[in-house]
Amino acid sequence: MNVNQHTPMASPYGQPQPGYGQPGYPPLDGGYPAPYAPYNGPASAYQPGVPPQGPARGPPTSAPPPVSAPQQYNQYSHSLGDVQNGPPPMTQAPPRPAGSQPYNQGAANLTGAHPSYPQHYGPPPTMEQVTNQMTRMQVTSGPPTPAGPGYAPPQSSQPPISTSYQAAPQPSYTQAPPPVSSTPTQPPSSGGPAAPQQYFAGPPPPSQQQFASSLPPTSQQQFTSSVPPPPSQQTFPPSSFSGPIPPPSRAPAPPASQSQQPFPTPQPPFSSAPPPVNQSGFAAGPPAQSSFPPQPPPPSSQPGSFPPPGPPPTSAPSGQYPTPMPHQQQPPTTQPSPYHPGPPPLRAQMPPTSNHLPPGPQGPSCPPGPLGPLQQPPSPQTGYPPQQNGAFGQVRSPQPGYAGPYPGQPNYGAPAPAPAPAQKRLDPDSIPSPIQVIEDDKVKTTEPFTTGVRGQAPPLVTTNFQVKDQGNASPRFIRCTAYNMPCTSDMAKQSQVPLAAVIKPLATLPPDETPPYLVDHGESGPIRCNRCKAYMCPYMQFIEGGRRFQCSFCNCVTEVPPHYFQHLDHTGKRVDCYERPELSLGTYEFLATVDYCKNNKPPQPPAFIFLIDVSYNAVKSGMVSIVCHELKSLLDHLPRENPEMDSVVRVGFVTYNKVLHFYNVKASLAQPQMLVVSDVSDMFVPLLDGFLVNVNESRQVIESLLDQIPEMFADTRETETVFGPVIQAGLEALKAADCAGKLFVFHTSLPIAEAPGKLKNREDKKLIGTDKEKSLFQPQGGFYNNLAKDCVAQGCCVDLFLFPNQYVDVATLGVVPVSTGGSIYKYTYFQAQTDQERFLNDLRRDVQKPVGFDAVMRVRTSTGIRATDFFGSFYMSNTTDVELAGLDCDKAVTVEFKHDDKLSEETGALMQCAVLYTSCSGQRRLRIHNMAVNCCSQLADLYRNCETDTIINYFAKYAFRGVLNSHTKAVRDTLVNQCAQILACYRKNCASPSSAGQLILPECMKLLPVYLNCVLKSDVLMPGADVSLDDRAYLRQLISCMDVAETHVFFYPRLLPLVKLDSSSLPMAVRDSEERLSKGGVYLMETGLHLFLWVGASVQQELLLNIFGTQSFSQIDSSMTSLPVLNNPFSQRLREIIDSFRAQRSRYMKLMVVKQEDRTELIFKHFLVEDKSASGGASYVDFLCHMHKEIRQLLS
């Protein structure tokens, strides 16, 4: 989906994507017609209710591959996910349907591609074992079931499976009880459960299928390998909905759809029930299948089946699904709703608390024995078999507030008899839950975080906490992947844990924290080490009574200048230590002397130049008049150091189409004057005096100009534009004024007019998925790279606002903004009515935010390690200096470190980030951030102190840069391999001996698989059919400069159930899976770029009145972009929450109201990242199984 703009989505989602239309699926049994049906409400499915038809489900084989067939998406094979963020598209949901599809073993090929995974895993560990393991993050524990715990024999064994299923309700994670709440949480164990599924969500190819089975659940490896888990989707489905799992009432609903069906019906992706559905379907075999199909139809409402993206075709099959699909079609499993991956584990969805594994032993309810869930009956699915949620061993207790078991379903959670014979999936609630980890961290964080302890990992980015600087930089400025660095390079290579830091030098601090102090050492400037040039900091050791100091970075001894001398106390510290920020704090600033300035003279105040496209498209869309009207008031809010004083920033104006128009707005003029430069091949600025002016002095002339521009070009017929000469014009103006500054370029189309930087349309969908795809991410020619280099040399930063209606080659137009430290904003199919609010908020923030110019950043380290690689929006002319023409408060740079010698556990490792920049008041400054981490010689210490969110930030940037030179599949494989090596090293060297069937994850990395899967499924690495090349290039550039908090919410969006809102705290989030959604509920999702308000079809009237002021679901206007202002506490609190979310993000998030079963739901489901994605991305459960398999292969 188009991340950048929602509207455009329509197109993709507008027509049914191929595959979408699930033909034929009637609602199974009367259930919801389509995917939604599954929605069924809260995932009642979990409930212990009876399984759908029970045994009937029987071997999936018999049934045709259900819906899922259409899936066809191979998660992996598919290679691109359409997910933008990582979340898999709906696809997963389909899996649910898969459930219904029979689990044909054969059919199970999930996606055909998977074949690579071998089928068997060997006997899976027993459930019990799994459980334990899981709890330890390993997931195994009980005795294996005969079949192999979790995996029941694929074939008919199904029933047995179910048994095991029930039996082992997934003990693996036993740890946490699966209570409803579990949803949010994940057991600390983190480990393993998920494994059982095949890793890939997409249906794997048949071979894969086996893989699935083989894949033991991770943590629960025990699953028997014999049977692959049902398609994960399938299994998932039920859960999938569970999500919020609405109140009971809701749950039933699903049943209705589902239950009616027995289970098959549940099919609809939505329903949480689905799982049952699967079951029943399974049992029934074909019937189920049929039921599944119906599910798909809903997609119709959905936009088609979800698969829009590549896989869609698969989905299409779904129609056929019924039978043909089987095996290979299996993929469809995922298919159901392309947009939602598969249902995530219900539990997970459930309340976070229980998420964990149930506290009790594995799930209390389930018998430890087999891994039930894992077991999953063999489903036809193969690749990752979809897991059926719920089905898993653990009994799923009803989710809070949810009704009990599905009505039709046999007891879902319960050990249930054969409830889900078909299911042998990992129980989503038994695998590590992001929500549980996030909530546990919030509970644990009660005191302010003090930075004085070396090597102490900070609270998560999702936790609100106060920081007290006591010698190390705040985590708001620097976050590390590991706070215990390996002492040797061999140890680092063995673990494969990336050693990196994400640095956000000018980050804004909350009001209750003190901004960095500014230290002025006078004309002599800052005190530095003579050899390595490190700046004075708390790590320097004063010796000889304070007359000299020894550098902690290079050990060189330097004389203390007489004016800086101070006596030492009895501990060897300077007496004035706590009076000097540079001796006691982790972050501070020095006032730089002229020696630190360009040409050794103080800088001029910066300038802002606004360059506005006035071609036909720009005028017609309303962009020109909106920009001109807004600038009149915005110019009063230019950045300044002191709020009491006027800004010293000067401004200039240019308009352009095929030629450029410069404006003289000198204060002495009565009217502005236009000077036209038509020779764009040799750009120059036709005036010096009067182009860059002070706003207050020239206010009347500027306002007159801004009033006249829209009128002047109102009747233009010029459609062609230039782009290179526009940036050259701004650059020449800054050179003439001898100052740094920023260009704000408002541009609409591909620059095809004859001029330097002219581009051709090279959009070619046929190259996607081929070796030539990487060329589409590379700029056309070298013109813009050279122009960027010139801009950086002058301190000319470029911010680009794009308003495209078609391909504009963002990969090339973005070169200058990205290389100069600027930003790109994209408003595809811009419409004044719906997009004006987002654009204006972005523009206001971009103009007003704190920014530094002409910046250079260098990272120094202590002996033993060095900074070797940098990721972000900047330019590097050598290997050490990161040059940024502009550096604002939102930009982060990720720095990778490598060993060049041994480190010592006593001294630890030090890093110092120094940024030299010109402030918006024209002052040259140095901002210093210091960080000390521990060093360790034991791998267990390394794995005890890592931060997964920062590791994911590094992996995403590493991968997104990798697509410039490698095939996207190779990039994904590299990530999977490195992640498997990290976890295999832990298992081999740090975990207590246990069965190979167990998946054991380090506590601090138990979410690595789920988050990594989100990166793999992102639109950059696995795009859906509706994701344009421009969207992928835009996202690639956008994520390159994100900090850890932004990448976290982008890859794993925040999903809040809006049932009761209290004035002080936010409701507990639920997991990103369709099974967590309740038909009777309303959910708010935040991705960092978008806000979605999802409204269930059976939502209570009281909620509708409180939020929308309407009586019924059908009266909700889904085109609204802001909620009505109603005078009731619920409406007021909801609008406050939305405003607070927007205030936390660097870009304004447009609100999109999504009604269940409406076509826009496809877009929303794209972000349900625990489900399978429409483009073939694996569900979380499937990926965990795949990871487990990869780890086992490495260990063997």
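Predicted model: local features only at pLDDT ≥ 70, side-chain atom pairs only at ≥ 80, totals over all residues.
How many cavities of 30 Å³ or more does a search of the whole structure find? The search finds six.

## The largest cavity

The largest cavity has a volume of about 260 Å³. It is lined by 23 residues, of which Leu1038, Cys1041, Met1042, Ser1146 and Arg1147 are the closest to its centre. At least two lining residues are supplied by each of strand β17 (824-826), helix α32 (1029-1039) and helix α33.

For the second largest cavity the volume is about 90 Å³. Phe449, Gln456, Ala473, Tyr483 and Met931 are the closest to its centre among the 14 residues of its lining. Two strands, β1 (449-450) and β23 (924-936), each contribute at least two residues to this lining.

The lining of the second largest cavity has no charged residues; nine of its residues are nonpolar and five are polar.

## The largest pocket

The largest pocket has a volume of about 1,400 Å³. Its lining comprises 45 residues, and those closest to the pocket centre are Val461, Asn464, Ala1045, Gln1144 and Arg1145. Two or more lining residues come from each of α17 (434-444), β3 (478-480), α33 (1044-1051), β24 (1054-1057) and α35 (1129-1144).

Which element gives the largest share of the lining of the largest pocket? That element is α33, with five residues. Helix α33 also supplies at least two residues to the lining of the largest cavity.

## Helices α23 and α24

Helix α23 (residues 724-737) and helix α24 (residues 783-794) have axes that come within 10 Å and cross at roughly 20°. Because angles under 35 degrees count as roughly parallel, α23 is roughly parallel to α24. The crossing in which α23 passes α24 is left-handed.

On the α23 side, the contact is made by Gly724, Ile727, Gln728, Leu731, Leu734 and Lys735. Helix α24 contributes Phe783, Tyr784, Leu787, Asp790, Cys791 and Gln794. Seven nonpolar, three polar and two charged residues make up the contact of α23 with α24.

## Helices α31 and α37

The axes of helix α31 (residues 1008-1016) and helix α37 (residues 1180-1195) lie 9 Å apart, and the two helices pack at an angle of about 105°. The pair is therefore roughly perpendicular, since that class covers angles of 65 to 115 degrees.

Pro1009, Val1010, Leu1012, Asn1013 and Leu1016 of α31 form the contact with Tyr1180, Phe1183, Leu1184 and Met1187 of α37. Eight residues of this contact are nonpolar, one is polar and none is charged.

## Helices α21 and α22

Helix α21 (residues 623-634) packs against helix α22 (residues 699-712) at an angle of about 165°, with the axes 8 Å apart. Angles over 145 degrees count as roughly antiparallel, and α21 and α22 are therefore roughly antiparallel to each other. Their crossing is left-handed.

From α21, the residues Val624, Ser625, Cys628, Leu631 and Lys632 meet Arg699, Glu703, Leu706, Asp707, Ile709 and Pro710 of α22. The contact of α21 with α22 has six nonpolar, one polar and four charged residues.

Notes: Residues numbered from 1 in each chain as written. Heavy atoms only, no water. Axes fitted to C-alpha atoms, helices over the stretch in contact; angles between N-to-C directions. Helix = DSSP H or I, 4+ residues; strand = E, 2+ residues; numbered from the N terminus. Left-handed = near helix turned anticlockwise from the far one by under 90°. Contact = heavy atoms within 4.5 Å. Nonpolar A, V, L, I, M, F, W, Y, C, P; charged D, E, K, R; others polar. 1 Å grid on protein atoms, 1.4 Å probe; cavity = no way out; pocket = protein on both sides within 12 Å on 5 of 7 lines; lining within 4 Å. Points joined across faces, edges and corners; volume = space filled by probe spheres on them.
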